[in-house]
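Please open the model in your viewer and keep the sequence panel beside it. We will go from stop to stop, selecting a few residues at a time.

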Amino acid sequence: MEKKTHIDCEEYLAIDVFKGFCNVKKTTVMADEEGCDDFTQVKKCRFCKHYNETEEHLGTCMNEAVTYPDLLAKTCDSFNWLDR
Ligand SMILES: [Zn+2]
């Protein structure tokens, strides 16, 4: 499994590209810093079975719609976690 970083956590609120607020720690953290123990992975296209990378930072959903690896998929009905 990938490294758990704050930026991929549900409890992370981005302030800017580099830092954000961690709702678990109640403090400002760096985006690429290792996540907390109660890390909850956020739903993003790149964690989904339907995501296919076509080039760097770009891919397709179900080989059809163009999407981005870091697109939030919280409201996607077809979201399916990759086997981890
Ligand atoms: Zn955290």
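C9 is buried, with a relative accessible area of 5%; buried means under 20% relative accessible area, exposed over 50% and partly exposed in between, using a 1.4 Å probe and protein chains only. Before we go on, note that this is a predicted model, in which local features need pLDDT of at least 70 and side-chain atom pairs count only at pLDDT 80 or more, while totals for chains, interfaces and linings use all residues. Residues are numbered from 1 along each chain as its sequence is written, and side-chain values use heavy atoms, with hydrogens and water left out.

**Cysteines**

How many disulfides are there? Taking a disulfide as a pair of cysteine sulfur atoms within 2.5 Å, the count is zero.

**The zinc site**

Now select the zinc ion. Which residues coordinate the zinc ion? They are H6 through NE2, C22 through SG and C36 through SG, at 2.3 to 2.4 Å. Donors here are N, O and S atoms within 2.8 Å of the metal (3.2 Å for Na, K and Ca), and sites may look incomplete, as water is not among the atoms. Along the sequence, the donor spacing reads H-x15-C-x13-C. C22 lies in strand β2 (residues 19–22), while C36, 14 residues away, sits in the loop between β3 (27–30) and β4 (51–55), so that the pair links distant parts of the chain. Strands are DSSP runs of E with at least two residues, numbered from the N terminus. C36 is buried, as is C22.

**T5 and its neighbours**

Next, pick T5, in the segment before β1 (12–14). T5 is buried, with a relative accessible area of 10%. Leaving out residues up to four places away in sequence, T5 touches A31, D32, E33, E34, G35 and F39; contact means heavy atoms within 4.5 Å.

**Where the domains meet**

Finally, colour domain 1 (1–42) and domain 2 (43–84), whose bounds come from an automatic or database domain assignment. Their centres, taken over C-alpha atoms, are 20 Å apart. Seven residues from domain 1 and eight residues from domain 2 take part in the contact. Three salt bridges are counted between the domains, each a side-chain nitrogen of Lys or Arg within 4 Å of a carboxyl oxygen of Asp or Glu. Select D8 and K44 to see their side chains meet in a salt bridge, 3.0 Å from N to O.

Definitions and conventions:
Helices (H or I, at least four residues) and strands (E, at least two) are DSSP runs, numbered from the N terminus.
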